[in-house]
Structures are given as C-alpha cells and as structure tokens.
Amino acid sequence: MKELKITCQQQLENLQQEFDEFAYIVSHDLKGPLRAISNLSGWISEDLGEDLDQDIKHNIELLQNRTERLERMINALLIYSRIARFEMDLKEVNVRELVQGIAAGLQKDKPFTLTVTDLPVLNTYVKKLETVFTHLLQNAVRFNDHAQPQVWVEAQRQKEFVIFTVRDNGIGISEDALEKIFKIFYTVQPKDHQENLGVGLSVTKKILQVIGGTIAVQSEKDKGTVVTVTWPLLPPNGKPSKNKL
C-alpha cells in the first residue's frame, strides 16, 4: 500500500511537471505570431495613411486590441501554471503594512478610503499573501462606482488559521455570477474591457488551494461584496511558524 501511495504521488508530480512545461512552451510559442499580427496591422495602418476610412481604422484597432488581450491571457496562464512551484519562501510580514502599501499604489489611479483592523504579523508565504491582497483590493476598488469608495480589511484568529475579511461598498455581484467568478477569464464586464482580464479570483483561489486555505464570497448586486479568506498559520509541511496577532 505504501509503495502504491508513493507511485501515485510520483505520477501526480510528473503530471504537474508535464503541465507546467506544456503551459510554458505553448505560451512562448503563441507570443511570436501574436506580436507579428500586431506589428503587421500597425504597418498596414501606417501604409494606408491618415485619411484611413473610419470603419477600417476601427477594425485595425479592434484587431490590435484582441491580440494584446490574447497575449495578456497567455501571460496569465503562465502565471497560473506556476503558482504551486514559485514564490513559496517563508518570511515574516507585517500584514497591516503590506495591505497599506498595496492600497497606496492603487490610490494613484482611483482614490478610496481604506480601514484596517487587527491585521497581524505572520511568518508566511509573503509573495503569495501579497498577490492575494493585491487582487482582492483591485477588485474592491475597480468595481465601485461610489463617489467615495470604501474598503475594510480585518483579521481574526481561529485555531490554526487567520480569517481575513475584505469588504467594500461597491457594485456587488449578481447571484448568477457568483457561481462563475472563480473560473479563469470569467468577467461580468464586456470582454473588450482592457482593465479586466478575469484572472484575479482564479489565481487567488489557486494560491489558497496550494497553501491549504480557502476563499468565500458573499455579495448582492449594488450592495457591496465581502470576501473571506482563511490563511493557515502553519505551512502545509507542518513546520512551526512564528505568528502573533
């Protein structure tokens, strides 16, 4: 039985490695043709000159936007495939300072009010935690049409986890969309919306699966969103961590 478990584990590791290699090769092989299409459409536009018919100009811009979006999707797939293998270093991080730093960067594009409560100092996967909070804060601010967007981030210790809650007063999510938001590239906005690729929650959920955490979303349309994340105080390998709240 022990040998069977080892064999199954080895098979899973081999499959994961094959998938990572496949995603890497495909992403790089696809980028070349995409860039060629983008360059060619730009050259065609230049050759046709400034008196270009508006319909033709629109179609060329649409083609360039599509190729740019597809390249971003390929990059996102590459990031997604690497989640379980990269940025797994354990370091001490002041979560309050981490969240405030991410928020400061987002404030440049869209001012909002941030309130933080009881955020701890943890010895954890700092890059993973940073990625999770970046995606959650981006969503909280991006999908908010209030004159004064507000975001609340708080933490509570529960047994071997820290429960992080990110709440906003944004536009919310409809009930039918709640079932789809963790699917990669799913977005409630039109696909042509360049700022929203639809990968943030997919990457966040994958990170939490890798480290042994969970994520849940509660929301109603026009009534804001509450995201609850359980973040393990002990890494999956069982080594003790220096955590304090």
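**Note on the sheet, its helices and its core**

1. Start in the sheet. Strands S5 and S7 run antiparallel and are joined by 8 bridges. One link in this pairing is Arg167, whose bridge partner in S7 is Val226. Bear in mind that this is a predicted model.

2. Now the other side of S5. S4 and S5 also pair, in the antiparallel sense, over 8 bridges. Here Trp152 stands opposite Arg167 in S5. Strands of a sheet pair through backbone hydrogen bonds, in either a parallel or an antiparallel sense.

3. Next comes S2. S2 pairs with strand S4 (residues 150–158) in the parallel sense, over 5 bridges. Thr115 stands opposite Trp152 in S4.

4. Is S5 enclosed or open to the outside? S5 is largely enclosed by the rest of the structure, because 6 of its 8 residues are buried.

5. Look at the turn between S4 and S5. These strands form a hairpin with 2 residues between them. Lys159 lies in this loop, and its phi is near 55°, a positive value in a residue other than glycine. Most residues other than glycine have a negative phi. Lys159 is exposed, with a relative accessible area of 76%.

6. Asp222 has a phi near 70° and is not glycine. Asp222 sits in the loop between S6 and S7. Asp222 counts as exposed, at 59% relative accessibility.

7. Which residues touch the most other members of the largest nonpolar core? They are Phe133, Val153, Phe164 and Trp231, in a core of 41 residues. H3, strand S3 (121–125), helix H4 (126–142), S4, S5, H6, S6 and S7 each supply at least two residues of this core. H4 gives the largest share, 8 residues.

8. Take Phe133 as a way into the core. Leaving out residues up to four places away in sequence, Phe133 touches Val95, Leu98, Val99, Ile102, Val153, Phe164 and Val166. Two of these partners, Val153 and Phe164, are themselves among the residues that touch the most other core members.

9. Step back to the whole protein. There are 6 helices and 7 strands. From the N terminus on, the elements run α-α-β-α-β-β-α-β-β-α-α-β-β. Of the 245 residues, 37% count as buried. The protein exposes about 15200 Å², and carbon and sulfur atoms supply 52% of that area. Among contacts between residues at least 6 apart in sequence, 70% join residues at least 24 apart.

Definitions and conventions. Residues numbered from 1 in each chain as written. Predicted model: local features only at pLDDT ≥ 70, side-chain atom pairs only at ≥ 80, totals over all residues. Heavy atoms only, no water. Pairing = 2+ DSSP bridges. Helix = DSSP H or I, 4+ residues; strand = E, 2+ residues; numbered from the N terminus. Buried < 20%, exposed > 50% of the residue type's maximum accessible area, 1.4 Å probe, protein only. Contact = heavy atoms within 4.5 Å. Areas by Shrake-Rupley, 256 points an atom, 1.4 Å probe, with all protein chains shown as cover. Core = buried A, V, L, I, M, F, W, Y, C linked by side-chain atoms within 4.5 Å.
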